[in-house]
Structure formats: C-alpha cells, structure tokens
Amino acid sequence: MNTPRRFWIRTHGCQMNVHDSEKVANLLLHDGWESARGMDDADLLILNTCSIRDKAEHRLYSELGKLREWKELARGRIVGVAGCVAQQQGDALLRRFPQLDFVYGTHNLRRVPEMAAAASRGVRDAQTGESRSQERFDLPSRHPSLEGDPAGRAFVTVMEGCDMFCSFCIVPSTRGREISRAGAEIVAESRDLVASGIRELTLLGQTVNAYGRHDRRRAHERAERAAGAAIALAPADPEHSFADLLGRLAEIPGLARLRYISPHPIFYDDALIRAHAELDPLCPHIHLPVQSGSSRILERMRRRHTADEYRRLVERLRASRPDLAITTDLIVGFPGETSADFAETLALVREVAFTDSFSFKYSPRPGTAAATLEDAVPDAVAQARLEELQDLQRSLTLDAHRARVGETTEILVEGSSRRGGAQLSGRDPFHRIVNFSSEAEFPPAPGSLIRVEIVDATPHSLIGVWNPAIAGDRAPRNVKMGALIADERSAVIGSERASALRGGSRG
Ligand code: 5AD
Ligand code: SF4
C-alpha cells in the first residue's frame with residue numbers, strides 16, 4: 001500500500017503550540033493514522049512553529065532545508081508546517097520550499113487530515129484563514145491511543161487569540177482576535193479528563209484571565225439597548241467570568257491541581273484575587289509577565305499598566321495567598337531602554353522577589369508597532385543587561401529554594417530526573433522542579449502525588465527525599481502505587497517537543 005500512514009509532530013514554542021500538536025495528533029488518530037516512533041519511521045512530518053522571537057523562524061528555514069533529504073529517503077513522504085510562522089507566511093512558504101506539501105495556520109487545525117490526504121495525491125495547499133466562530137473549538141474527544149502525559153497533566157483551552165497588541169508582540173497577528181470558549185464545554189472537557197485519570201489541569205489562553213470579557217461586554221450592550229440608553233451596567237454574566245470558571249472547575253471531584261497560563265496583570269478583579277485564597281485545587285503559583293520595571297518602557301510597550309500598579313497587584317495577590325510563588329517574563333533592550341530604565345527592572349525583580357523568570361533580548365518583529373521605533377539598544381548592551389538580570393534571578397531563585405529546605409511538599413511525580421541516576425522528578429504546587437531519591441522498595445509511579453522532604457536546593461531545582469512512611473501520599477488514579485516507573489514516553493504519542501524554547505501564548 002502506498003498511502004502514508006504514520007505521523008510525527010515536532011513542536012517549537014509555547015504551551016499553546018504543544019496543545020495544538022496534541023489536538024492535531026488526536027485528529028490524525030481519529031482519521032486512521034498511526035503515530036510513528038520518530039522521524040525515521042514517519043510518513044507524515046509536521047513542524048509546528050513559533051515566531052515570537054526571530055531565531056525560531058530561522059530555525060524553521062534550516063529545518064526545512066534538511067527535510068529535503070528526509071523526503072528523498074522514502075517514497076510518498078509528506079511535510080506540513082503549522083503554527084505562527086505558517087499563519088504569517090502561508091503560500092509564500094509553499095513557493096519558497098518545494099519539498100513542503102501543506103501549510104496550515106493557527107485557526108485551521110481541523111483541516112489537517114484533509115490536507116494530508118490531498119498531499120498524498122500530490123495536491124499542495126495552504127490554509128491560513130481566520131475563523132471567528134466557536135467552531136474551531138469543536139474537536140473530537142480524546143482518541144484511546146492518544147496516551148497523553150504519564151504524570152496525569154492536561155491542558156484545556158479556554159480562550160484563544162489576543163486583542164492587547166503589546167507593541168513588541170507578534171501574537172495578535174499570528175493568533176488572531178480574542179475569542180472565549182463556551183464555559184459548559186470547558187467544564188465538560190475538564191470533567192472527562194479528570195474522569196480518565198488526569199490530576200492536574202492547566203487552563204490555556206494568550207490572556208487567559210481576560211476570559212469571557214467580550215461576551216460580557218456584548219451582554220451589557222444588549223441589556224443597555226433593551227432597557228434604553230440610561231441604564232447602568234448590567235451585572236456581569238457569572239457564566240463568563242474567569243473567577244467563576246475556576247470555581248466551577250475546582251469543584252470537579254478528583255481534580256488535585258488547577259493552574260492557568262498566562263494571565264495579563266490588568267485582568268485581575270477582586271473575585272479572581274479571592275479565588276487564590278478560596279479554591280483548594282488552585283495552585284499557589286502564578287506566571288505573571290511584567291516585561292519591564294520601568295513605567296516609561298511599559299508605556300512604550302503598550303502594556304496598559306505601570307510598574308507601581310504591578311507592585312500593588314502583587315501585594316493584593318500575596319495578601320490573598322501569602323505563600324504565592326510568582327514568576328514572570330522580562331524583555332531587556334527594548335528600543336529607548338536607558339540604563340536608568342534597566343535599573344528599575346532590576347529593582348522591581350528584587351522587590352517582588354520572583355521565584356523565577358524568563359528573560360529575553362528584545363527582537364523586532366515585522367509588522368508590530370515597536371518595529372518602527374528608533375533608538376535601538378546596541379546588541380552588546382542588551383546582552384550585558386540580559387546577563388546581569390539572569391545573574392540576579394539565579395541568586396533570587398536560589399534564595400527562594402534554600403528557604404524551603406526542611407519543608408515537606410507535595411509533588412506530582414513525572415518520572416526519572418534529567419539529572420540521571422536513580423533520581424526521580426516531579427513538581428510541587430509552586431511549580432518548582434523537585435528531584436528526589438526514594439527510600440522505598442518500589443519508586444512511586446508517575447501520576448502519584450507524594451509528600452517529599454526537601455533536603456537541599458540548587459538554582460534550578462529542589463532536592464528531596466521520599467519516605468513513604470510519611471502519611472498523605474496519593475496513588476495515581478489509574479495505576480497501583482508501587483508499580484515500576486513507566487518508560488519515558490513523550491508528552492503526546494507521535495510527537496516531540498523540539499526545544500525548551502518558550503513563548504507565544506503569554507499575557
Ligand atoms: N522580543 C523579545 N521577547 C519577546 N517576547 C514576546 N515578544 C518578544 C519580542 N519581540 C517575550 C515576552 C513574552 C514571552 C513569551 O516572550 O516576554 O511574555
Ligand atoms: Fe497579547 Fe501577551 Fe503578546 Fe501582549 S505579550 S500582545 S498580551 S500575547
């Protein structure tokens with residue numbers, strides 16, 4: 001038989017891209033495809049791209065260059081390109097790379113099986129249209145052979161797109177306009193996932209806590225029209241507030257952990273801040289991008305808040321949940337950033353004492369407002385700032401980790417530690433990596449929630465010891481406690497995460 005039947009997906013970029021790859025794997029499995037074990041035995045290879053910073057885009061071009069040879073090694077091989085670069089370049093990619101069979105943008109995942117079938121007949125195609133309807137959230141339920149994460153974690157999309165247009169950011173043009181998914185569907189999908197053994201859900205959206213805002217605005221407008229123009233704002237539909245959504249999900253029996261990524265500072269209301277005090281499964285960690293500590297630069301970035309407003313938000317969140325860990329994203333070398341602006345960033349980072357941060361050198365993205373700004377910061381200056389910031393963060397992270405030595409924390413077991421040896425690894429509620437050794441005869445299976453004593457700290461992780469005699473461990477819901485560690489499977493069958501590169505779907 002000539003028809004290609006096995007797929008492999010290579011994913012760059014953010015959690016949103018990883019989740020898109022899961023969705024495409026699921027669609028292909030439903031269409032009769034099987035997952036490959038790697039590129040070598042694949043008939044269809046999909047590269048899911050990221051263009052948040054320019055290096056990722058150049059990487060795609062070099063990867064595509066190398067794939068010419070891969071295609072020639074076996075008859076009928078197909079290559080597809082997805083994600084943000086695909087959304088932007090569309091047909092141009094097909095023209096530039098004759099070895100490429102199809103291209104699909106971020107709103108066209110559902111077309112993949114059809115495009116792959118057409119490609120087998122020699123039809124090349126690019127689908128990059130924007131869909132503004134709820135339809136794009138309509139996807140088949142999880143295929144039985146989509147194994148998912150052995151640790152029992154899953155993503156759930158709650159909104160997509162971004163209407164914020166921060167001046168440096170390409171996301172509004174690659175992911176399109178902001179649209180929220182119906183609450184009932186989010187709850188139904190989450191219930192199914194938890195019923196299938198999932199312990200930890202991460203709600204995904206580019207500005208996840210803006211969830212439902214356009215629906216609320218439209219509801220207000222309708223109410224105003226109905227009552228005549230004089231009416232005050234109608235009460236927000238609770239069905240559509242993010243805090244309410246968290247509340248409904250937190251009630252799902254068996255859900256141990258609830259997270260969300262990435263919020264934008266301006267979309268925290270009282271109810272959402274209170275949710276961090278009140279909802280048991282909601283983890284005490286927020287990844288809250290600030291980008292800069294200088295209000296002058298924040299304004300040029302069009303972030304819509306000042307550095308002091310961010311500080312006040314952090315205070316209110318910590319008043320609500322005193323042990324909250326906050327991590328962030330930072331950009332250095334934004335056009336016009338002076339050494340005084342950068343000093344304000346260092347001061348904010350010290351003051352908030354972020355548990356961790358991801359920092360990036362500004363990279364101009366074509367078509368964004370900042371791309372036309374003059375007064376670029378020389379690369380050597382930006383590089384020196386990046387290193388200074390990262391040194392500071394390393395020492396703050398180490399301080400935060402050291403302060404926890406002696407504590408007992410609950411971790412969700414993921415599997416073998418990257419450090420090798422007999423060490424195992426998992427994450428605690430604060431999203432810190434804990435590498436631990438076990439005093440038990442059998443190591444805990446991935447997906448177990450176990451209580452580990454922290455005995456040491458490094459800038460990258462906490463070091464723990466698991467003693468099963470300590471009470472309070474919770475076995476994985478599908479696997480018996482004491483089962484040997486499952487082999488290291490990738491997060492989604494038939495796919496790999498191509499790099500540790502993050503980015504893309506952040507507030
Ligand atoms: N240059 C550098 N960093 C960027 N980010 C987004 N766009 C750019 C850019 N043009 C960073 C932001 C964002 C993270 C995902 O990537 O810090 O939060
Ligand atoms: Fe939207 Fe976040 Fe990009 Fe700003 S940085 S435009 S909020 S995705």
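A salt bridge is a side-chain nitrogen of Lys or Arg within 4 Å of a carboxyl oxygen of Asp or Glu. E337 and R385 form such a pair, with their closest N and O atoms 2.9 Å apart. This is a predicted model.

Start with that pair. E337 sits in the loop between β13 (325-332) and α13. R385 belongs to helix α14 (residues 379-402). E337 has 5%, so E337 is buried. R385 has 10%, so R385 is buried.

Turn next to the helices. R311 and E351 meet through their side chains in a salt bridge, at 2.8 Å from N to O. R311 lies in helix α12 (residues 307-320), and E351 in helix α13 (residues 339-352). That pair also links distant parts of the chain, 40 residues apart. R311 has a relative accessible area of 18%, so R311 counts as buried.

R259 is in strand β11 (residues 257-261), while E200 is in strand β10 (residues 200-204). The pair therefore ties together parts that lie 59 residues apart in sequence. Both R259 and E200 are buried.

Salt bridges can also join up. R6, R37, D41 and D43 are linked in a network of them. Across the whole structure, a search finds 35 salt bridges.

Key: Residues are numbered from 1 along each chain as its sequence is written. Chains are lettered from A and ligands numbered from 1 in the order in which they are written. This is a predicted model: local features need pLDDT of at least 70, side-chain atom pairs count only at pLDDT 80 or more; totals for chains, interfaces and linings use all residues. Side-chain values use heavy atoms; hydrogens and water are left out. Helices (H or I, at least four residues) and strands (E, at least two) are DSSP runs, numbered from the N terminus. Buried means under 20% relative accessible area, exposed over 50%, partly exposed in between (1.4 Å probe, protein chains only).
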